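Keep the picture in view as you read.

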Amino acid sequence: MVAKVKTTLNLNKDIMKSIKLIALNKETTQTKVINDLLEKAIENEDNIFKKNPKIKPMKKI
């Protein structure tokens with residue numbers, strides 16, 4: 001089971017529209033779309049983990 005955190009984000013209207021459309025097209029939730037996109041973005045930021053070894057990348061689920 002994955003630990004979840006409830007939070008509030010202030011997103012650009014156009015970004016939110018895109019998220020809603022993606023969720024509808026994939027027949028999934030907006031939360032899942034946001035989590036998937038953020039996970040991919042974090043994976044692409046591997047430089048931060050190389051520069052600071054104290055920071056650990058998130059574990060694959």
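Is Leu9 buried or exposed? Leu9 is exposed, because its relative accessible area is 53%, and the cut-offs are under 20% for buried, over 50% for exposed and partly exposed in between, with a 1.4 Å probe and protein chains only. You will find Leu9 in the segment before helix H1, which covers residues 13-26. Together with Leu11 and Ile15, Leu9 forms a nonpolar patch on the surface, and the three share about 270 Å² of accessible area. A patch takes residues with over 30% relative accessible area and no salt bridge, joining like charges within 9 Å and nonpolar side chains (Val, Leu, Ile, Met, Phe, Trp, Tyr) within 5 Å. Accessible areas come from the Shrake-Rupley method with a 1.4 Å probe, and for residues only the protein chains shown count as cover.

Before going on, a word about the model. It is predicted, so local features need pLDDT of at least 70 and side-chain atom pairs count only at pLDDT 80 or more, while totals for chains, interfaces and linings use all residues. Residues are numbered from 1 along each chain as its sequence is written, and side-chain values use heavy atoms, leaving out hydrogens and water. The predictor's confidence in each residue, called pLDDT, runs from 0 to 100. Here the chain has a mean of 85, with 77% of its residues at 70 or more. Among the elements, H1 has the highest mean pLDDT (97) and helix H3, residues 46-51, the lowest (68). Where pLDDT is low, the predicted coordinates should not be read in detail.

Now for the overall layout. The chain has 3 helices and 0 strands, where helices (H or I, at least four residues) and strands (E, at least two) are DSSP runs numbered from the N terminus. Of the 61 residues in the chain, 7% are buried. The chain's accessible surface is about 6,200 Å², and carbon and sulfur atoms account for 57% of it.

Let's follow H1 from its start. Asn12 caps the N-terminal end of H1, with a side-chain oxygen 2.7 Å from the backbone nitrogen of Asp14. The 14 residues of H1 should span 20 Å at 1.5 Å a residue, and this agrees with its end C-alpha atoms, which are 20 Å apart. The expected span is 1.5 Å times one less than the number of residues.

Next comes the loop between H1 and H2, where Glu27 lies. Glu27 has a positive phi of about 50 degrees, although it is not a glycine. Most residues other than glycine have a negative phi. Glu27 counts as exposed because its relative accessibility is 76%.

Helix H2 holds Thr31, which counts as exposed at 54% relative accessibility. The C-alpha atoms of Thr31 and Ile19 are separated by 9.0 Å, with the two residues 12 apart along the chain.

Which side chains meet in a salt bridge? Those of Lys32 and Asp36 do, at 2.9 Å from N to O. A salt bridge needs a side-chain nitrogen of Lys or Arg within 4 Å of a carboxyl oxygen of Asp or Glu. Both residues lie in H2 (residues 30-43), 4 residues apart, about one turn of the helix. Lys32 is partly exposed at 42%, and Asp36 is also partly exposed, at 31%. Side chains of opposite charge can pair when their charged atoms come close.

How values were computed:
A polar contact is a pair of N or O atoms within 3.5 Å; within protein, one must be able to donate a hydrogen and the other to accept it, and residues adjacent in sequence count only if both atoms are side-chain atoms.
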